[in-house]
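The following exercises ask the reader to examine a protein model step by step. Please study the sequence and the structure before reading each solution.

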Amino acid sequence: MQMNGSSSSFGPGGLDLAQSFFKPIQNGAPPSTTKRHTKISVVGVGNVGMAIAQTILTQNLADELALVDAKPEMLRGEMLDLQHAAAFLPRTKISASVDYSVTVGSDLCIVTAGARQKPGESRLNLLQRNVALLSDIIPPLAKHSPDSILLIVSNPVDLLTYVSWKLSGFPSNRVIGSGTNLDSSRFRFLIADHLNVNAQDVQAYIVGEHGDTSVALWSTISIGGVPVLSFLEKQQIAYEKQTLENIHKEVIDSAYEVINLKGYTSWAIGYSVANLARSLLRDQRKIHPVSVFAKGFYGIDGGDVFLSLPAHLGRGGVLGVTNIHLTDEEVEKLRKSAETILEVQNQLGF
């Protein structure tokens, strides 16, 4: 079943009003076939998927937006709700279907679908159910849009990005996980809040697993171009390492706090993913901490693994990984984070 946007044909006999309503100018030429048409597909229209879709629309990131979900009634409702806001938004064709053919020709496919944990269910069993779900999602996306970029948002994002890479057969630079892009935004907010500055003036990264073994790169943090820790040392300003650890812990716990308060997270991840979409599709060449193929970086060599590193993103996907100098302690923590992901990955047998 396919649910498309509104048509110019309506009335008895399907009269095409577009042809009747507008008179072409003389000596005109048809539209250029080389004009770039940007299409984004979002799989999963839950709270996260719709926050992403809504942000993509308001930021005018796509000419066409395709929505896919297994629940046709909810899917049609969400499509209509967005279409009814057309007068307030940039012009975007919105379509929806339970059939993946609606995604054909996508430049970017964003996957948010995921199974919810059942009471008493182990993390591994939940992961296995999500792998089975992705087995039904990724191959048809790859079939209908073989040149697209896959952006995985479903959790656990690092493991599911690896699984998506294997299922798609895509080169590693075109499979990306949302990773710690949002964690890093939370990190920047907390530092900015402590120092009463704008978060956009804070350069700070969380890398590694999107989870408990993530690594805060304190050695690389700068504010307005000033490296924070070296500044404190030069000024002989004392600080406690525990204070830094507490800020990092607050980053890890912040998502849980939002979930406990409102039941889910949506708006921040919506902005985070739209931010990634902009960098990718508009070839912004920005640096984002996202889940990428990490083997060979910082001594990570235990196997094929995806985790977050500061990546250079553009129209071709991952253009490279920033060669940031890390302390020995940070490198060790990053390797342990990779080992944690690989341990679960090996249990999957995927």
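**Exercise 1. Determine which residues T180 touches, and describe its setting.**

Solution. Step 1: leaving out residues up to four places away in sequence, T180 touches I206, V207, G208, E209, H210, P289 and S308; contact means heavy atoms within 4.5 Å.

Step 2: the model is predicted, so local features need pLDDT of at least 70 and side-chain atom pairs count only at pLDDT 80 or more, whereas totals for chains, interfaces and linings use all residues. Residues are numbered from 1 along each chain as its sequence is written, and side-chain values use heavy atoms, with hydrogens and water left out.

Step 3: T180 is located in the loop between β7 (175–177) and α6 (181–195). Helices (H or I, at least four residues) and strands (E, at least two) are DSSP runs, numbered from the N terminus.

Step 4: T180 counts as buried because its relative accessibility is 0%. Buried means under 20% relative accessible area, exposed over 50%, and partly exposed in between (1.4 Å probe, protein chains only).

Step 5: the side chain of T180 reaches the backbone oxygen of I206 at 2.5 Å.

**Exercise 2. Describe the largest nonpolar core and state where it lies.**

Solution. Step 1: a nonpolar core is a set of buried Ala, Val, Leu, Ile, Met, Phe, Trp, Tyr and Cys residues joined through side-chain atoms within 4.5 Å.

Step 2: the largest such core has 80 residues, and I40, L67, L108, I110, I137 and L141 have the most contacts inside it.

Step 3: this core lies between domain 1 (36–177) and domain 2 (180–346), because both give residues to it. The domain bounds come from an automatic or database domain assignment.

Step 4: apart from this core lies another, of 17 residues, including A204, I223, L229 and L232.

Step 5: beyond its neighbours within four places in sequence, I40 has contacts that include I56, L61, L108, I110 and L281.

**Exercise 3. Is strand β2 enclosed or open, and which strand does it join?**

Solution. Step 1: 5 of the 5 residues of β2 (residues 39–43) are buried, so the strand is largely enclosed by the rest of the structure.

Step 2: K39, S41 and V43 point one way from β2, while I40 and V42 point the other way; all are buried.

Step 3: β2 runs parallel to β3 (residues 64–68), to which 5 bridges join it. Two strands pair if DSSP finds at least two bridges between them.

Step 4: the bridge partner of V42 in β3 is L67, one of the residues with the most contacts inside the largest core.

**Exercise 4. Find the strand order of the open sheet of 3 strands.**

Solution. Step 1: the order is β8-β11-β12, and the pairing is antiparallel.

Step 2: β8 (202–203) and β12 (226–227) stand at the edges with a single partner strand each, so one side of each has no neighbour in the sheet.

Step 3: β11 (residues 222–223) pairs with β12 over 2 bridges, and V226 in β12 is the bridge partner of I223.

**Exercise 5. Identify the backbone features of P156, N196 and D283.**

Solution. Step 1: N155 and P156 are joined by a cis peptide bond, with omega about 0°. P156 lies in the loop between β6 (149–152) and α5 (157–168).

Step 2: N196 is not a glycine, yet has a positive phi of about 60°. N196 lies in the loop between α6 and β8 and counts as exposed because its relative accessibility is 72%.

Step 3: D283, also a residue other than glycine, has a positive phi near 50°. With 33% relative accessibility, D283 counts as partly exposed.

Terms used: A polar contact is a pair of N or O atoms within 3.5 Å; within protein, one must be able to donate a hydrogen and the other to accept it, and residues adjacent in sequence count only if both atoms are side-chain atoms.
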